[in-house]
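User: I'm new to this one. Can you walk me through it?

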Amino acid sequence: MSKRVLITGGAGFIGSHVADLLLSSGYSVRVLDALTSQVHRDGAPPIYLNSEVELIVGDVRNESDVERALVGADIVIHLAAAVGVGQSMYEIVSYTSANDLGTAVLMQAIAARPVEKLVCASSMSVYGEGLASRNGGDEIAPQQRSIEQLRRGVWEVLDNDGAPLNPLPTPESKSPSLSSIYALGKYNQERQCLIVGSAYGIPTVALRFFNVYGPRQSLSNPYTGVLSIFASRLLNDRTPLIFEDGNQCRDFVHVQDVARACKLALECRDGVNEVYNIGSGERRTINSVAIDLARVTDRPHIAPCVTGKYRAGDIRHCFADITKARNQLGYAPKVDFDTGLRELAEWLTGQAATDSVEAATRELENRGLVA
Ligand code: UD1
C-alpha cells in the first residue's frame, strides 16, 4: 500500500507542488489547510490543487483538525505558516499564533501518535545577514544594519572600521540572527520539530528555503516574493520598484526544485535531525532580476526604478551554500533561471492583476516600516 503523506499548508504555493510530485511518485497525499483569505482570496480551494489530494480544511492550531488529519498518516511535511516578513512586524500575535502555536499543536499530536518521518519548512530568514568576509579574508557573521545607517542611505554591511564586507555563500553552520517575528517563528518551528523528533525517535529534517519562486505564488498575498511582484508589474506595463539601490543579493530557487528537496528529505535514510539549505546556490542582485524579467516578458524598455527607500528588517545579502544538501540528500537544483522566469511570467499572464502590494507597502509606510 502506498504511504500516506500529510502536508500542512498543502494548498499553498510550495505545498501544492510537493503534492503533485508525491502523487506522481505513488504516494497518497492528504492536505490540512486553512485556506486563509490573504492567500486564497475567496477562501475556496485553488483550482491548481491536484484532484487526487484529500483536502481537510482546518487550522493547525485546532487540536481536533490536526488529530483528524493525522489519522493513518505515515509521514508529515509541515509547511503551514503565515509568511509575510513585513506583516509579521505589526501582526505579532497572529504570526506567533499561526507559526509557533500552530507547530506546538501539531507536535503535541505527533508526540501522542508518532509518524515515520517529519519534514519541516524553515527559512533563510533565520540567518539574518548572510556570511561575509573582511578584506583581510577572515569570515564573520555580520550584525544587522542599523536604522540610522539605512536612513543615511548607506546600504552595504560595514565592518567596525566602516569598510564594506564581501558577501559569501551562507552554510547551515552560520549561527541564527533573528531580525523579524517571522524569522523568530520559523526558527521556533524548526527547533520544535527537531526537538520533538529526536525525543520521540521520529527522523526529522528541517529545510531552510531561500527565495522560492514559480507558478502559483499567491498574487493576492501582498507579501509575496519579489519576482512575482516585479513580473506582475511588468505584465501591467509598470516599472518594478526597487528598495535600497538594487545591489542586494538573494538566491532564487524554483519551486519544483524545492518540491524535489522535500521528497529527498522524506526519503533520505541518513541525515536526519539535521537542517539543510535549499537554494539554487547562485547569487543574483535585485536589479539584475528586474532586468531579466523585463527581457523575458518582452518589455526590455521598462527599466526598474530605484526608489532608495528601505524596509525595516530587510537583510542586504544572503545566498545559499548548498554543499550539505548536495552531499547528504543528493539535492541538485535543475530549473535554469531563465526558463523559470518565463514559466512564472506565463502563469501570471493568466492571473487577475492586483494592487494589494501597493496597499501593503503603504501599510508598512504608515507604521514607519518602510522609509
Ligand atoms: C523574506 C524572508 C524569507 C521569506 C520571504 C517571503 C528574510 C531575510 N527573508 O525574503 O525567508 O521566505 O521573505 O516571505 O527575512 N524588493 C524590492 N521591491 C519590491 C519587493 C522587494 O526591491 O517590490 C527587494 C527587497 O527589499 C529585498 C528583495 O527584494 O531586498 C527580496 O525581497 P522579498 O522577495 O520580499 O524576500 P526577502 O525579504 O529576501
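User: What does Asn-287 touch?

Analyst: Leaving out residues up to four places away in sequence, Asn-287 touches Ile-242, Asp-245, Gly-246, Asn-247, Pro-304 and Val-306. Contact here means heavy atoms within 4.5 Å.

User: Before we go on, what sort of model is this?

Analyst: It is a predicted model, where local features need pLDDT of at least 70, side-chain atom pairs count only at pLDDT 80 or more, and totals for chains, interfaces and linings use all residues. Residues are numbered from 1 along each chain as its sequence is written, and side-chain values use heavy atoms, with hydrogens and water left out.

User: Back to Asn-287. Buried or exposed?

Analyst: Asn-287 is buried, at a relative accessible area of 17%. Buried means under 20% relative accessible area, exposed over 50%, and partly exposed in between (1.4 Å probe, protein chains only).

User: Which helix is Asn-287 in?

Analyst: Asn-287 sits in helix α9, residues 286-296. Helices (H or I, at least four residues) and strands (E, at least two) are DSSP runs, numbered from the N terminus.

User: Which backbone oxygen lies 3.1 Å from its side chain?

Analyst: That of Asp-245, 3.1 Å from a polar atom of the Asn-287 side chain. A polar contact is a pair of N or O atoms within 3.5 Å; within protein, one must be able to donate a hydrogen and the other to accept it, and residues adjacent in sequence count only if both atoms are side-chain atoms.

User: New topic: the ligand. Which residues come nearest?

Analyst: Val-83, Ser-123, Val-226, Arg-250 and Asp-314 come nearest, out of 20 residues around the ligand. A residue counts as near if one of its heavy atoms lies within 4 Å.

User: How do those 20 residues divide by type?

Analyst: The shell has 12 nonpolar, five polar and three charged residues. Ala, Val, Leu, Ile, Met, Phe, Trp, Tyr, Cys and Pro count as nonpolar, Asp, Glu, Lys and Arg as charged, and the others, Gly among them, as polar.

User: What about polar atoms by the ligand's oxygen atoms?

Analyst: A side-chain N or O atom of Arg-250 is 2.5 Å from a ligand oxygen. For Val-83, a polar backbone atom is 2.7 Å from an oxygen of the ligand. Arg-311 has a polar side-chain atom 2.9 Å from a ligand oxygen.

User: How much of the ligand's area does the protein cover?

Analyst: The protein covers 90% of the 740 Å² of accessible area that the ligand has on its own. Those areas come from the Shrake-Rupley method with a 1.4 Å probe, and for residues only the protein chains shown count as cover.

User: Which elements give two or more residues to the shell?

Analyst: They are α7 (226-235) and β11 (241-242). α7 gives the most, with three residues.

User: Switching to strands. How many residues of β9 are buried?

Analyst: Six of six, in a strand running over residues 204-209. Thr-204, Ala-206 and Arg-208 point one way, and Val-205, Leu-207 and Phe-209 point the other.

User: Which strands pair with β9?

Analyst: β5 (residues 117-123) pairs with β9 in the parallel sense over six bridges. β14 (residues 274-278) is also parallel to β9, with five bridges. Two strands pair if DSSP finds at least two bridges between them.

User: Which residues face each other there?

Analyst: Leu-118 has Thr-204 as its bridge partner in β9. Arg-208 stands opposite Asn-277 in β14.

User: And the sheet with β6: what is its strand order?

Analyst: The order is β7-β6-β8, an open sheet of three strands with antiparallel pairing. β7 (139-140) and β8 (166-167) are at the edges with a single partner strand each, so one side of each has no neighbour in the sheet.
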